[in-house]
Amino acid sequence: MDEKVWEKIDSLIDANQTKTIKELFASDPDRAKRFSLEAAGWFLDYSKNRIDSAMMKALVKLAESANLKTEIEKMFTGEKINVTENRAVLHTALRNCDPNAKVFVDGKDVMPGVRETLSRMGDFSDKVRSGEWKGYTGKRIKYVVNIGIGGSDLGPVMANIALTPYSKRNMKFFFVSNVDSTHLAETLREIKAPETLFIVASKTFTTQETMSNAEAARDWLVEKLGSKDAVAKHFVALSTAEKEVAEFGIDTKNMFGFWDWVGGRYSLPSAIGLSLMISIGRRNYSKLLKGYWKMDKHFRTARFERNMPVIMALLGILYANGYGAESYCILPYDQYLSRFPAYCQQMDMESNGKCVDKQGNRVTYSTGPIEWGEPGTNGQHSFYQLIHQGTHLIPCDFIGCSRTHNPIGDLHDKLMANLFAQTEALAFGKSAEECRAEGVPEELVPFKTFEGNKPTNTLLTDELTPETLGALVALYEHKVFVQGVIWNVYSYDQWGVQLGKVLAKGVLNDLTAKKPSGKHDASTNQLIARYRAAVGR
């Protein structure tokens, strides 16, 4: 980060230490309007933050000092910004709805391949949804099981739940990711082999967890249907490893590929979204892509002062690096978005959880916040106490929809009343004087006082639809990108997940060998010995 620009931000933080959000509102009648904007179907109110116009100008200068505009163009135009893996980062190409768009990587336009894959996905999903695609025994598909992990699981899970109102209700969708056998076993109890389609999502077809589950599912299917020939009618692959897919028993005509410039946690609009397309249909899937595209265009063209992903990114950096906030909370007040916090958690923490900068030097500032959250109102009866009166500063994003897909009495009014009330309570709190004026006994005043001055963003849309979901996901994707640029870290590699995977192979050998090697540390050797004794080895 630019030290001179950051010095200005630090000085503004010091100057504003005594100004609360409550006082900032009192001094500026137009504050709510000044610090809000709309983009791609979403309204952002960020007025309940510890900011004024001077702070926002300084934060925008921070983005400019990082050459953010240039970096945005590098991503959209296919430059290899994932330097450690020598790859472009082009998830934006997957949802580029301009029929004349051209995006080049190594001199080749990638858009024809993107469009061809989407078309094949659409044709296949139409066949499954209509019943034209039949299983080995001639029955139509009723159950779809997506087998993947990480981005090959979290994206489809999140989106399938989010878009349940648009799903084909006479089909059921399951997602298996954990190599814990319980995850697969409980899923197999819910499905019938003659009516099940398995989607195996692994680019290389070598991912340990995914392939272990896929092989076990294949064995189950063959046992139930009595022939290995059944595999070709009940399994499809999301992969580029044609040889491995064929060896598994899947007809390579039913293999849907994606590219090395698509990171797993950004891959929902790629072939990884096949289960979602089967669920909601190709037309609704196109609307999802349109929502992504609208937010992409806004991010690429809007000036930073009115750029929703940039503003959210800058506010996050203000709290993480200026106020020392260690975590960040996402609170969707919509049950359909129940897995959205987990989806964002992977996107953010796997992208910017880095301790070295692009030059290979250890960073001297905090990067990648600890991200978490749960749907409202459940969280209000769980962890909100700590946010309101605890010792940690936890900036929060509140997400809501003005209309519900399921109007029952006044439940939605009550849900949204809670959303708005929580942001009000966090911002303005309740003073000791207000407690006394209400007749609170003096000995209880300290316990019933709310400090307030807790920062929040509020995101509102009219209704959760495929289009608004796509825009919401793109908003958070670009927020993460901006923060990575300013922190000067590579957001699109994830070397940190590799070491444990490598070591697990050696541990597995020692768990199953006639005699363990004893080559690990004393603690790990002890745990291996205890496990072996418990399972009788």
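Analyst: What follows takes the helix pair, the sheet and the pockets in turn. The model is predicted, so local features need pLDDT of at least 70 and side-chain atom pairs count only at pLDDT 80 or more, while totals for chains, interfaces and linings use all residues. Residues are numbered from 1 along each chain as its sequence is written, and side-chain values use heavy atoms, with hydrogens and water left out.

User: Why are α1 and α14 called roughly perpendicular?

Analyst: The axes of α1 (residues 3-15) and α14 (residues 308-322) cross at roughly 75° and come within 11 Å. Axes are lines fitted to C-alpha atoms, for helices over the stretch in contact, and angles run from 0 to 180 degrees between N-to-C directions. Roughly perpendicular covers 65 to 115 degrees, and α1 and α14 are therefore given that label.

User: What makes the meeting of α1 with α14 a contact, and which residues are in it?

Analyst: Contact means heavy atoms within 4.5 Å. On the α1 side these are Trp-6, Ile-9 and Ile-13, and on the α14 side Ile-317, Leu-318, Asn-321 and Gly-322. By class, five are nonpolar, two polar and none charged; Ala, Val, Leu, Ile, Met, Phe, Trp, Tyr, Cys and Pro count as nonpolar, Asp, Glu, Lys and Arg as charged, and the others, Gly among them, as polar.

User: Why do β6 and β9 count as edge strands?

Analyst: The open sheet has five strands in the order β6-β5-β7-β8-β9, with parallel pairing. Strands are DSSP runs of E with at least two residues, and helices are runs of H or I with at least four, numbered from the N terminus. β6 (172-176) and β9 (255-256) each have a single partner strand, so one side of each is left without a neighbour in the sheet.

User: How do you know that β5 and β6 pair?

Analyst: Two strands pair if DSSP finds at least two bridges between them. β5 (residues 143-147) and β6 share five bridges in the parallel sense, so the pair meets the definition. Ile-147 has Val-176 of β6 as its bridge partner.

User: How many residues line the largest pocket, and which element gives the most?

Analyst: The lining has 38 residues, with Thr-207, Gln-494, Val-497, Gln-498 and Lys-501 nearest the centre. Helix α21 gives the most, four residues. The lining holds 12 nonpolar, 17 polar and nine charged residues.

Note on methods. On a 1 Å grid over the protein atoms alone, a cavity is a set of points where a 1.4 Å probe fits but cannot get out, and a pocket is an open set with protein on both sides within 12 Å along at least five of seven lines; lining residues have an atom within 4 Å of a point. Angles under 35 degrees count as roughly parallel, over 145 as roughly antiparallel, 65 to 115 as roughly perpendicular and the rest as oblique.
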